[in-house]
Amino acid sequence: MIVLVTGASSGFGYAIAKKFGANNHKVIALARRKSRLESLAKEIPHCAILPCDICDKTALKEALDSLPDDFKKIDVLVNNAGLALGINPAQECDFSDWEQMINTNIKALSHITHLLLPQMVERKSGHIITIGSIAGRYPYPGGNVYGATKAFVRQFALGLRADLAGSNVRVSDIEPGLAESEFSLVRFKGNSDKANALYKNSNALQPQDIAEAVYWVATLPKHININTLEMMPTSQSFSALNVHRDSD
Ligand code: NDP
Ligand code: 8X3
């Protein structure tokens with residue numbers, strides 16, 4: 001298969017690219033940090049790198065057009081690039097952070113899907129795998145726009161399933177919970193103490209765990225479509241809803 005992984009320079013994307021590469025699939029690795037992609041490419045037998053900002057519509061189109069012919073017929077698109085910025089209550093957030101999450105997690109994800117879907121439909125074969133989140137299902141304080149972007153991802157994936165009836169193109173949304181990656185460093189804007197504290201003693205999911213799930217979903221027999229797959233570390237579970245009580 002030819003597998004395009006967005007956000008392949010770290011975390012889940014890096015692990016997903018390595019998993020497919022190790023199983024002799026051709027990998028196209030997209031992210032902004034070129035040096036990381038170059039290191040990844042050395043670890044995978046057949047890898048093309050696309051260093052670009054996925055939010056830049058022109059750059060994305062040019063990057064895809066620049067792919068060598070033997071990487072053009074993409075079988076699997078892993079829509080993984082994404083981020084959370086900040087954990088403040090909505091009324092205290094920077095709007096620019098909200099815009100960047102919407103631009104990356106919603107608009108860029110939709111754009112690359114829009115660019116690649118027609119060729120899959122034409123070939124009557126393909127698989128769009130999105131990385132959603134439990135944050136798209138369960139609200140938590142400070143999740144505001146990030147959670148809403150992931151709710152979009154889930155509903156978009158399910159909507160694609162409806163539109164793609166009869167096309168043989170599969171769509172799956174993988175929805176992880178707490179997982180250790182650069183995600184929290186980005187969310188806390190470089191504050192490694194805060195990021196490390198979140199993962200400490202949590203036995204969080206690891207990027208390889210998500211890579212295993214994505215690989216399993218993508219390599220199932222063609223008549224099986226996993227619609228959504230929610231996964232958490234065993235250590236993570238649910239707790240009671242908050243009730244605010246006014247003091248006397
Ligand atoms: P990382 O921060 O480790 O990886 C994020 C990846 O996205 C990087 O490769 C980054 O590359 C890429 N990226 C971000 N913005 C852009 C952009 N504008 N253009 C191109 N690439 C971009 O985090 P994770 O691996 O944890 O996150 C991967 C996905 O999983 C995200 O969608 C996240 O929301 C989701 N997720 C994460 C969970 C977690 O707890 N870690 C749980 C559930 C879902 P670069 O900076 O080089 O551009
Ligand atoms: C990342 C998981 O719970 O930190 O999507 O939002 S969470």
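In the protein chain, 69% of the contacts with a separation of 6 or more are between residues 24 or more positions apart, a contact being heavy atoms within 4.5 Å. This is a predicted model, where local features need pLDDT of at least 70, side-chain atom pairs count only at pLDDT 80 or more, and totals for chains, interfaces and linings use all residues. Residues are numbered from 1 along each chain as its sequence is written, chains are lettered from A and ligands numbered from 1 in the order in which they are written, and side-chain values use heavy atoms, without hydrogens and water.

Now the overall fold. The chain has eight helices and seven strands; these are DSSP runs, H or I of at least four residues for helices and E of at least two for strands, numbered from the N terminus. The radius of gyration is 18 Å, close to the 18 Å from the globule rule for 248 residues, so the chain is as compact as a globular protein of that length. That radius is taken over C-alpha atoms, and the rule is 2.2 Å times the number of residues to the power 0.38. The C-alpha trace spans about 70 × 40 × 35 Å along its principal axes.

Next, burial. Of the 248 residues, 47% count as buried, meaning under 20% relative accessible area with a 1.4 Å probe, protein chains only.

The contact between H3 and H4 is made by Lys57, Leu60, Lys61 and Leu64 of H3 and by His111, Ile112, Leu115 and Leu116 of H4.

Terms used:
Buried < 20%, exposed > 50% of the residue type's maximum accessible area, 1.4 Å probe, protein only.
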